[in-house]
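Please keep the sequence and the model in view while reading.

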Amino acid sequence: MSISSWFKWNEPYHRFAQRNPTEMVVETLMMELDWQLKQAEKMQREREDEYRRIKTGVDYSWLVSHPEHSSGMSPGERLDLEETCSKIHPSYCGPTVLRFRQMMADDEPEVHEVVQLFQSVLQDTMGRMKEDQETRKLTRQWSKKRTASHTMMTFKSRVRIYPFNSDIKTVSEDVEQTFVAPRRVWSMPEFKTIKEL
């Protein structure tokens, strides 16, 4: 047996299978939630330690061991959140994470409020997705109507009617010829009829 068989670099390169974008969105959003939960717990512990330090006047933080991450989220709640995350389109994943981080920074919620905040951000994102979808639908309908009206417009533009280009004499035409136009105001444009040119 050769030594080279022990090393991973000697094995053939296995390409990972392409992952479903929905799975990646769910994983990304849930990882963000877990990280924010850990940060909220850390901040809460620091606040409690600071309160104890002020209250007792002694720092025992080096002596205290903190329990492991406990999100307080039931498995059913987690599955519901994962299901909601799976409804988020991949293009909305980044803005959702940014919005969640912004709300966390602005509100500095307690640990038990983080999940509710995350749910509200997901609901806002889903609402925005529906609005954007309706907007795209209306835009498509408008562009279809516009192309149809555009073809009618080109047809109409070929047929031109010139109502003032007639050989029939009218009473108003005689009145207009005797009427002398006053000098125009310089701030207004001057319009001339075809006969004046």
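Which residues gather in a patch of positive charge on the surface? They are R136, K137, R140 and K144. Lys and Arg count as positive and Asp and Glu as negative, while His and the chain ends are not counted. Patches are built from residues with over 30% relative accessible area and no salt bridge, and like charges are joined within 9 Å. The place of a charge is taken as NZ of Lys, CZ of Arg, CG of Asp or CD of Glu.

The model is a predicted one: local features need pLDDT of at least 70, side-chain atom pairs count only at pLDDT 80 or more, and totals for chains, interfaces and linings use all residues. Residues are numbered from 1 along each chain as its sequence is written, and side-chain values use heavy atoms, with hydrogens and water left out.

## The chain as a whole

The chain has 5 helices and 0 strands. From the N terminus on, its elements run α-α-α-α-α. Helices (H or I, at least four residues) and strands (E, at least two) are DSSP runs, numbered from the N terminus.

Of the 197 residues, 18% count as buried. Buried means under 20% relative accessible area, exposed means over 50%, and partly exposed lies in between (1.4 Å probe, protein chains only). The chain exposes about 17000 Å², and carbon and sulfur atoms supply 58% of that area. Accessible areas come from the Shrake-Rupley method with a 1.4 Å probe.

Contacts can be sorted by separation in sequence; a contact means heavy atoms within 4.5 Å. Among contacts between residues at least 6 apart in sequence, 78% join residues at least 24 apart.

R140, a member of the positive patch, lies in helix α4. R140 counts as partly exposed because its relative accessible area is 49%.

A negative surface patch is formed by D106, D107, E108 and E113. Where does E108 lie? Its place is in the loop between α3 and α4. E108 has a relative accessible area of 52%, so this residue is exposed. The backbone of E108 also deserves a look: its phi is near 45°, a positive value in a residue other than glycine. Most residues other than glycine have a negative phi.

## Salt bridges

Side chains of opposite charge can pair when their charged atoms come close. A salt bridge is a side-chain nitrogen of Lys or Arg within 4 Å of a carboxyl oxygen of Asp or Glu. How many salt bridges does the structure hold? There are 6. The table gives some of them.

| Acidic residue | Basic residue | N to O distance |
| E110 | R47 | 3.5 Å |
| E50 | R53 | 2.8 Å |
| E82 | R78 | 3.8 Å |

The pair of E110 and R47 is a salt bridge. This pair links distant parts of the chain: E110 is in the loop between α3 and α4, R47 is in helix α1 (residues 21-56), and the two are 63 residues apart. E110 has 29% relative accessibility, so E110 counts as partly exposed. R47 is also partly exposed, with a relative accessible area of 35%.

E50 and R53 both lie in helix α1, 3 residues apart, about one turn of the helix. Both count as partly exposed, E50 at 38% relative accessibility and R53 at 29%.

E82 and R78 sit in helix α2 (residues 75-86); they are separated by about one helical turn because they are 4 residues apart. E82 is partly exposed at 27% relative accessibility, and R78 is partly exposed at 25%.

## A buried residue and a distant pair

Is T96 buried or exposed? T96 is buried, because its relative accessible area is 0%. T96 is in helix α3 (residues 93-107). Not counting residues up to four places away in sequence, T96 touches L29, I88, V121, L122 and T125.

E27 lies in helix α1 and is partly exposed at 37% relative accessibility. E27 and S86 are 59 residues apart in sequence, and their C-alpha atoms are 9.3 Å apart in space.

Methods. Patch = residues over 30% accessible without salt bridge, like charges linked within 9 Å, V, L, I, M, F, W, Y side chains within 5 Å.
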